[in-house]
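Here are my notes on this one, in numbered points. Have a look at the model first, then read on.

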Amino acid sequence: MRTIRERKTAIALLAISLLFAGCKGDSPTAPPLGGSGGNVPPVGVSVALTVSKADPLVDTSVTVTATVTQSNSAVPNGTAVEFVASAGLIDGAAAATIKTTTNGVATVTLTSSSAGKIVVQATVN
């Protein structure tokens, strides 16, 4: 009986040791200052918003597309665009989200369970 208890204790200690051995000893590093992950947003950009349906029905989805240009050319891929809506859900979550561009375009899906005007704003971060 005593050897079974000793084996259980030894196995438990081994498991805990392996768990701690898998942890990295370095402390986490702080994110870079500026909040944008170190990337500087482009300056002098233009954002054009379009929607797939101008007058959608309640509980239907609308695709909101932001086309971002700089000097009449698409911004670099991966440029962050923050979408904020006055109501509804963007991509099924809160009324705000950040997407990145591909060929100068970023898209989200907007849904609302109530009728009324919703204002969507897109900002290049």
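1. Which residues of the largest nonpolar core touch the most other members? They are Val81, Phe83 and Ile90, in a core of 13 residues. Two or more residues of this core come from each of β2, β4 (80–85), β7 and β8 (120–124). A nonpolar core here is a set of buried Ala, Val, Leu, Ile, Met, Phe, Trp, Tyr and Cys residues joined through side-chain atoms within 4.5 Å. As a general point, nonpolar side chains tend to be buried together in soluble globular proteins.

2. Before going further, a word on the basis: the model is predicted, so local features need pLDDT of at least 70 and side-chain atom pairs count only at pLDDT 80 or more, while totals for chains, interfaces and linings use all residues. Residues are numbered from 1 along each chain as its sequence is written, and side-chain values use heavy atoms, with hydrogens and water left out.

3. The protein has one helix and eight strands, and the order from the N terminus is α-β-β-β-β-β-β-β-β. Helices (H or I, at least four residues) and strands (E, at least two) are DSSP runs, numbered from the N terminus. Of the 125 residues, 16% are buried; buried means under 20% relative accessible area, exposed over 50% and partly exposed in between (1.4 Å probe, protein chains only).

4. Back to Val81. Leaving out neighbours within four places in sequence, Val81 is in contact (heavy atoms within 4.5 Å) with Ala66, Val68, Thr97, Ile98, Lys99, Thr101, Ala106, Ala122, Thr123 and Val124. For the protein as a whole, among contacts between residues at least 6 apart in sequence, 54% join residues at least 24 apart.

5. Thr65 sits in strand β2 (residues 61–70). Is Thr65 buried or exposed? It counts as buried, because its relative accessibility is 17%. Setting aside residues up to four places away in sequence, Thr65 touches Ala48, Leu49, Thr50, Val105, Ala106 and Thr107.

6. Asp59 is exposed, given its relative accessible area of 58%. Asn72, in the loop between β2 and β3 (73–74), also is not a glycine and has a positive phi of about 65 degrees. At 77% relative accessibility, Asn72 is exposed.

7. The largest pocket holds about 320 Å³ of space. Its lining has 20 residues, with Pro56, Val62, Leu110, Gly116 and Ile118 nearest the centre. A pocket is an open set of points on a 1 Å grid over the protein atoms alone, where a 1.4 Å probe fits, with protein on both sides within 12 Å along at least five of seven lines; lining residues have an atom within 4 Å of a point. The volume is the space filled by probe spheres set on the points, which are joined across faces, edges and corners. β2 and β7 (105–111) each give at least two residues to the lining.
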